[in-house]
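Have the sequence and the 3D view at hand.

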Amino acid sequence: MPEQIVRVGVGCFVKTLGSDGTVKVLIGRRKGSHGAGAWQLPGGHLEFNESFEDCARREVLEETNLDIENITFVTTTNDIMTAENKHYVTVFMQGTAKDIGKLRTMEPHKLDGDWQWVSFEDIEQYTPLFIPLANLLRLPQRNAIAASLTSM
C-alpha cells in the first residue's frame with residue numbers, strides 16, 4: 001500500500017498592475033505531474049522549517065525568475081485529489097512582482113507553454129483549473145479574497 005500522507009503546498013498569486021490599470025496575476029498550465037494540463041499558480045512544496053512567505057518567495061523565483069515583495073497570507077484549502085491518490089493542504093499567498101521584465105519559464109519540463117498575466121476575475125475561464133485553485137474559487141469567502149487580489 002502506498003504511503004498515505006498529507007502534504008503542504010504553497011501557491012502564490014503573483015500580482016502586477018497591467019497596462020489597462022487593473023491588477024493581473026500569473027498563471028500557467030501544469031505539465032509532467034499530477035494535475036497535468038490544469039492551470040495553476042507558481043508554487044510548490046513547503047520545506048522543513050520554512051515559513052509560508054519564504055516558500056512563496058523561493059518557489060516564485062525558481063519557477064518564474066521573479067522576485068516578489070509584500071508577501072501576505074490569503075487562505076488555505078483542503079485538497080483531496082482522488083484520481084491521483086494525493087491529499088494536500090494548500091496555503092495561498094500573494095505578493096507583488098518587483099520587475100515583470102524578468103519573467104521567464106524557468107522549468108519548461110513542468111510548464112506547458114509560458115506564464116500568462118490574467119485578471120483574477122477571468123481565472124475561471126482557464127479550464128481545467130488545478131484542484132487547489134478550483135477549491136479556492138468555491139470558498140464562501142471568495143469575495144473577500146477577490147478584493148485582496150484585485151488591489152495593489
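## Pairing around β6

In this predicted model, strand β1 (residues 6–17) runs parallel to β6, and 10 bridges link the two. V8 has V89 as its bridge partner in β6.

Strand β5 (residues 68–81) also pairs with β6, but in the antiparallel sense, over 11 bridges. Here I80 is bridged to H87 of β6. The hairpin of β5 and β6 has four residues between the strands. N85 in this hairpin adopts a positive phi near 55°.

How many of the 12 residues of β6 are buried? Nine are, so the strand, residues 86–97, is largely enclosed by the rest of the structure.

## V25 in strand β2

V25 lies in strand β2, which spans residues 23–30. Is V25 buried or exposed? Its relative accessible area is 0%, and the cut-off for buried is under 20%, so V25 counts as buried.

Which residues touch V25, once neighbours within four places in sequence are left aside? The contacts are F13, V14, K15, Q116, W117, V118, F120 and I123. V25 and G95 are 70 residues apart in sequence, yet their C-alpha atoms lie 9.6 Å apart in space.

## Two nonpolar cores

In soluble globular proteins, nonpolar side chains tend to be buried together. The largest nonpolar core here holds 19 residues. Its members that touch the most other members are F13, F120, I123 and L136. The top contributor is α2, with four residues.

I123 shows the contacts in detail. Not counting residues up to four places away in sequence, I123 touches F13, V25, I27, V118, L129, L133 and L137. A second core is separate and has 16 residues, among them L26, C55, I71 and W115.

## A nonpolar surface patch

V6, V8, F52, F73 and V89 form a nonpolar surface patch of about 380 Å². Two of its members, V8 and V89, are the bridge partners described above.

F52 belongs to helix α1, residues 52–64.

Terms used:
Residues numbered from 1 in each chain as written. Predicted model: local features only at pLDDT ≥ 70, side-chain atom pairs only at ≥ 80, totals over all residues. Heavy atoms only, no water. Buried < 20%, exposed > 50% of the residue type's maximum accessible area, 1.4 Å probe, protein only. Pairing = 2+ DSSP bridges. Contact = heavy atoms within 4.5 Å. Patch = residues over 30% accessible without salt bridge, like charges linked within 9 Å, V, L, I, M, F, W, Y side chains within 5 Å. Areas by Shrake-Rupley, 256 points an atom, 1.4 Å probe, with all protein chains shown as cover. Salt bridge = Lys/Arg side-chain N within 4 Å of Asp/Glu carboxyl O. Core = buried A, V, L, I, M, F, W, Y, C linked by side-chain atoms within 4.5 Å.
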